Amino acid sequence: MHDKTLAQQAAMLQNSRISSAELVAHYLERIDRYNPALNAYLQVDAEGAQAAASQADQARAAGNTGPLTGIPIAHKDIFCTKGIATTCGSKILENFKAPYNATVVDKLSDAGMVMLGKANMDEFAMGSSNENSYFGPVANPWQQDRVPGGSSGGSAALVAAQLASAATGTDTGGSIRQPAAFCGITGIKPTYGRVSRYGMIAFASSLDQGGPMARTAEDCALLLQAMSGHDVRDSTSSTTAVPDFSAELEAELSGLRIGLPTEYFGEGLDADIASHVQAALQELEKAGATLKSISLPNQQHCIPAYYVLAPAEASSNLSRFDGVRFGYRCKNPQNLEDLYTRTRGEGFGKEVKRRILIGTYALSEGYYDAYYLKAQKVRQLVSNDFSEAFKDVDVIAGPTTPTTAFKRDEKHGDPTSMYLNDLFTVSANLSGLPGISAPCGFSGGLPIGLQLVAPAYQEARLLNIAHRYQQLTDWHVQTPSGFE
Amino acid sequence: MALTPDKLSAIAHLARLGVEPEDLAPLAADLSSVLVLVEQLQAIDTEAVEPMAHPASASLWLRDDEVTETDQRDTLQAPAPETQDGYFLVPRVIE
């Protein structure tokens, strides 16, 4: 059952070929067997899952179901969950029991989904390899000495290893799309404001978005439907109407204009990735799309702008972790200053500290204009590039990442080299636009992702294109060896 | 633009972030390399450009002036390290 897509499992549940209790028991057994090597799950709530599964089966017997009823899911450990701890991959929240659920958790639970547990992640969503978790790194199921990507590395790895039907992730600079690419699964970052951030522990408030990670675009459409919508408890949540994301999945691609930024396909792009992405684009062309060369002139400025803005916002958001109201507190604080500095010094990992310090510097007196304000202006330029491009094309395509999954410890001690993983993904966060990554091939046995970016609120378009592509190819149904 | 360990120490204080003395120099070096990456922003012409704080360009909306929150202090204080009579406890602030 674990090799079936979420949509297929939903059909099996609907036809009573399996029960949610059986599906959950099956996944719990697989998690027991495979999680130790992957470290994708930080916590498993077997009791809670069994209870929720039983409820879902009863609801089904009473004729009370939706498309997601009884389907098992893992939540990235950045989403607050009342029943079990929410750690954000950090020592500073190691035993934190949230007093309320994130809106995303509630919405999916209301849709009848069964939470299996919490997924490992880079600490406070800062990272591209899941090597920054206080609770140890996550292994990529395709080759276990390689990283799954990050920060939603646990979520990506467990979906790829088929240890849940789907997982939630968050994306601030690429943290859904890049691990989806590295792990050969499908992940979508919605338009900023599409999914409520209430109860989703904040990293960079103007960039963060939660989204689904699953094996197919069809699955992501079902999940995104349940996750989306205005939330009065999130003041940045959008009131734009949520369309039926599944209704447009089958739409024909004829007439679709795909823009290919010259900046994405330059000299330095890995040859294997380039050829697989080109092959994918040719498939889309055969299906009726036209390809057009475009330019995003400020593409090279995205990473520098992001690595000012995101740390600056993080330095502000993470100031709440002070040992006073929740989380870790250092032992025997001598005075208030000592309480703050030692709690934070002992509780935060290296990358988190780096980003808080960069952010604080960028916002400090004398540097605010040169760094933070400047980066915000560059952000506007990046956003303008997309607006210009979308006058002539409907979507923009390219590789999700510049490389396939690298080896664990390979980028150790070189933060800026790690940051370049986000080369193709950060622009969507800076401009608030939706972006999807779908598998389009393998290089040396490692997955390659195709990325598509659309104008604001056009997630349906992205899901449609990815779905049609998945009807023509089978990259997305491959299983890593050893996890059959 | 290189960050000295002294400067880093000052920033760490602003962030109330404890940094061990032996970590000051390596961290300063790390941050300096990030600043090199970020330095290229200076060369970009942003003369007539408005800063973009937010993708949504929406303004904060108002709600009706009705009481909707209930007293949940006990629940919300439950994760706190130390409390007493509804107060959060910290080391003495005033000598």
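**Figure 1. Strand S7 of chain A and its neighbours in the predicted model.** In S8(A), Leu291(A) is the bridge partner of Ile258(A). Strand S7 (residues 257-261) and strand S8 (residues 290-294) of chain A run parallel and are joined by 5 bridges. Between S7(A) and S8(A) the chain passes through helix H8 (residues 271-286) of chain A, and this β-α-β crossover is right-handed; the term applies if, with the strands pointing away from the viewer, the path from the first strand over the helix to the second runs clockwise. S7(A) is also joined by 2 bridges to strand S9 (residues 395-399) of chain A, and these strands run parallel. In S9(A), Ile396(A) is the bridge partner of Gly259(A). Strands count as paired if DSSP finds at least two bridges between them; helices (H or I, at least four residues) and strands (E, at least two) are DSSP runs numbered from the N terminus. Residues are numbered from 1 along each chain as its sequence is written, and chains are lettered from A and ligands numbered from 1 in the order in which they are written. In this predicted model, local features need pLDDT of at least 70 and side-chain atom pairs count only at pLDDT 80 or more, while totals for chains, interfaces and linings use all residues.

**Figure 2. Chain A where it touches chain B.** In contact across the two chains are 55 residues of chain A and 39 residues of chain B, a contact being two C-beta atoms, placed from the backbone, that lie within 7 Å. Elements giving two or more residues to this side of chain A include helix H9 (302-317), helix H10 (336-347) and helix H12 (369-389) of chain A. H12(A) gives the most, with 11 residues. The residues on this side of chain A comprise 24 nonpolar, 20 polar and 11 charged; Ala, Val, Leu, Ile, Met, Phe, Trp, Tyr, Cys and Pro count as nonpolar, Asp, Glu, Lys and Arg as charged, and the others, Gly among them, as polar.

Figure 3. The largest nonpolar core has 163 residues, and Ile73(A), Val114(A), Leu158(A) and Leu357(A) have the most contacts inside it. Such a core is a set of buried Ala, Val, Leu, Ile, Met, Phe, Trp, Tyr and Cys residues joined through C-beta atoms within 7 Å. A residue is buried if 20 or more other C-beta atoms, placed from the backbone, lie within 10 Å of its own, exposed if 12 or fewer, and partly exposed in between. H9(A) supplies the largest share of the core, 10 residues. Residues up to four places away in sequence aside, Leu158(A) touches Ala40(A), Tyr41(A), Ala74(A), Ala119(A), Leu163(A), Ala164(A) and Ala167(A).

**Figure 4. The surroundings of Gly48(A).** Gly48(A) lies in helix H3 (residues 46-61) of chain A. Gly48(A) is partly exposed, because 16 other C-beta atoms lie within 10 Å. Apart from neighbours within four places in sequence, Gly48(A) is in contact with Gly83(A) and Met115(A). The C-alpha atoms of Gly48(A) and Gly117(A) are separated by 9.0 Å, although the two are 69 residues apart along the chain.

**Figure 5. Chain B.** Chain B contains 3 helices and 2 strands, in the sequence pattern α-α-α-β-β. The radius of gyration of chain B is 22 Å, well over the 12 Å of the globule rule for 95 residues, so chain B is more spread out than a compact globule. This radius is taken over C-alpha atoms, and the rule is 2.2 Å times the number of residues to the power 0.38. Of the 95 residues of chain B, 19% count as buried.
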